[in-house]
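Here's a quick tour for anyone opening this structure for the first time. Take a look, then read on.

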Amino acid sequence: MEDLNIQYVHLEQSANQEAHKTDGFSSSKTLVVRRGAPFRVSLLLKGRPFSPKTDSIIIRVLLGRLYVIMPVTFSKEASPSKWTAYFSPEGLSPLSPSFYISSPASASVGTYRLELYVFSQSGQRSSVVGHFILLCNPWCREDAVFVPFEDQREEFIQNDSGLLYMGTAMNCVSRPWSFDQFEPDVLEICLKLLQVSPQHMRNRRKDYIMRADPVYLSRVVSAMVITPLFTSHDILRVGAVKTGCGLNWVAVCFMRVLGIPCRVVTNFNSAHDTNGNLVIEEYYSETGQKLHHSKDSIWNFHVWVECWMTRKDLGSGMDGWQVLDPTPQERSRGVFCCGPAPVKAVKYRRIDLAYDVPFVYAEVNADVHTVIVRQGQVLSYSKDTERVGALICTKAVGHPRLQNITADYKHIKSPNPSLRSRSSTMSDDSTLRRGSSQGLSVSLTLDKAAVAGEPIRFTVKIINNENVAKVIKEHLNAQAKEYNHSPSDTFWEAHSTMRLAPMEAKVLRHQITPAQYEGVVGDDLVNLAVVLEDNASQKRVLASEEFNIASPELTIQIANGDSAINHKEHTAVVMFTNPFSVPVSGSLMVAGAGLIQGKIHFSIASLLEQRITFTPTKVGTKMLQASLYLSNVNSVIRGFKMISVINA
């Protein structure tokens, strides 16, 4: 009788990946599964049938030079703490037996080699099966990245698009963002980058062992995304760009590929405190021009990533969301990376805990000292304790809207800090004293959020807090600035003189016309300041506001409203209404993971509407996004449409 031989080994990639929630990686030629859950392997034998009494199967799983050997048993229970293999209860067919392999919930992430050995009375037959990729498992309760709710797992792992919030706390702008973690080659590129990380190159064995820990993985990712590797052809091909937002794109994509839940967070008025004293100093001239006199800075917004995991290294009280900043501005234990810092540690100022809690704490809690100077002499000084971290937000679970998470990071002092105006009071000690009975008070507020093509209207309210008449000079100054830089030269200013009766309050209304600010429209912001000068005392008081000018949006419509049929061609229309005072031209880019292969570009001379066709390839909620890059106006116009793709 012919002896037992293995004719074929089937890893059942399609069924296993559907069961492991990794079917999004359908373009991968390698089986992709999650740790802590079994996957099925089937054999096709030739010769005599398999006999459990005389034959046995041994499995060897290798990660680098690390390996584990396990017999295929008849025990039906998988262990969450060790590698096991067991025959399928319904699959013990003599000529085509099947069995399950289950990894521990703490197994290392990476590409494993799978070897299969068959022992019979006549000797050993071995077969090298191939490889499988093992990822973290938010569906497994024993995994350090376990998330208990399905809608959150869908949002933080499976969703391949999202919203990034920019602008200012008063006027948030949502920008569509495609993470592309399921696009072809992305999984393989991320795993390849783990193989060339400094940690892996320094000690491969230790790196493979440490990859079981999401804390370690997140620090590797944070350090890797700022290296020159991310200017390679592979990374550029999948859409990453070496900017702050681009690096967050890479980090979210990378973490979701590895199976670690994550989301993008925006901190408005984010402080960079260079000397660690929790004070940011800002300097203005006597006429309201913001000066670049300090190494400290406040970014109008700063974007980072939160990842979800337990922190066994810190104790259960620090489990949950952890800050991971892919654009670190300082070294962390000798390496340019930031985090993971527990959000709870930031809120309760546990600056003794790892990693980088002091830096993140300062980003959301520093005080702002505003100083008016003339030729090196301090003319006025005020303090603001609420401006930094005025609004911290992310995309809501399952919905394209903002979720305010400021209270997760800090104890809220003001019921609505993002919408209040910033005012100053001049008094004898030149410090900010709200409600002081002495000196001069001023506040500056926008009448409404600034919109491209409309005048910027704002109100200055002045109060004489003394029982003495005053002659006041008003200096108004507007400068353009990038979100993470100091302002550039003044593009608009106005000056006037007025009289204030004792205890009088005046309301002054001003506007900046579209022609005066048109060069600022786009991602740039406006720093607007008013300085009041008391002619008699020569004391000054300042109020300021930084804001963005909202660009118009593209409108996208599809025939079936918000739904589309998988693998069927559909038509969408991208529409634009020009609010500018001149005709516009440029190029239109349309993209959508799971909807369009790559990106579609159109040259636009005078756009009113543009028709496009797309054919969905994946079921689920997908984002169709469009960007219009104007050539004669400093602006990028964006729009998006959420589409529910269903099977026919």
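Bear in mind that this is a predicted model. Let's begin with a pair of residues facing each other: Ile6 stands opposite Leu45, which belongs to strand 3. The setting for that pair is strand 1 (residues 5-10) and strand 3 (residues 38-46), which run antiparallel and are joined by five bridges.

Strand 3 has another partner, too. Five bridges connect strand 3 with strand 7 (residues 98-102), and these two also run antiparallel.

**Salt bridges**

How many salt bridges does a search of the whole structure find? The count comes to 26.

| Salt bridge | N to O distance |
|---|---|
| Arg263 and Glu306 | 2.7 Å |
| Lys290 and Glu282 | 3.0 Å |
| Arg387 and Glu282 | 2.7 Å |

Start with the salt bridge between Arg263 and Glu306. Are they buried or exposed? Both Arg263 and Glu306 are buried.

Now for Glu282, which forms salt bridges with Lys290 and with Arg387. The Arg387 pair links distant parts of the chain as well, 105 residues apart: Arg387 lies in the loop between strand 19 (377-384) and strand 20 (391-395), while Glu282 is in strand 13 (residues 279-284). Arg387 and Glu282 are buried.

Why does Glu282 count as buried? Its relative accessible area is 6%, and buried means under 20%. Lys290 passes the test too, because its relative accessibility is 11% and the cut-off is under 20%.

Which residues belong to the network of salt bridges around here? Glu282, Lys290, Arg387, Lys481 and Glu546 are linked in it.

**A helix on the inside**

One more stop: helix 10 (residues 357-365). Seven of its nine residues are buried, so helix 10 is largely enclosed by the rest of the structure. To find them in the 3D view, look for Val357, Phe359, Val360, Tyr361, Ala362, Glu363 and Val364, which are the buried ones in helix 10.

Terms used
Residues are numbered from 1 along each chain as its sequence is written. This is a predicted model: local features need pLDDT of at least 70, side-chain atom pairs count only at pLDDT 80 or more; totals for chains, interfaces and linings use all residues. Side-chain values use heavy atoms; hydrogens and water are left out. Two strands pair if DSSP finds at least two bridges between them. Helices (H or I, at least four residues) and strands (E, at least two) are DSSP runs, numbered from the N terminus. A salt bridge is a side-chain nitrogen of Lys or Arg within 4 Å of a carboxyl oxygen of Asp or Glu. Buried means under 20% relative accessible area, exposed over 50%, partly exposed in between (1.4 Å probe, protein chains only).
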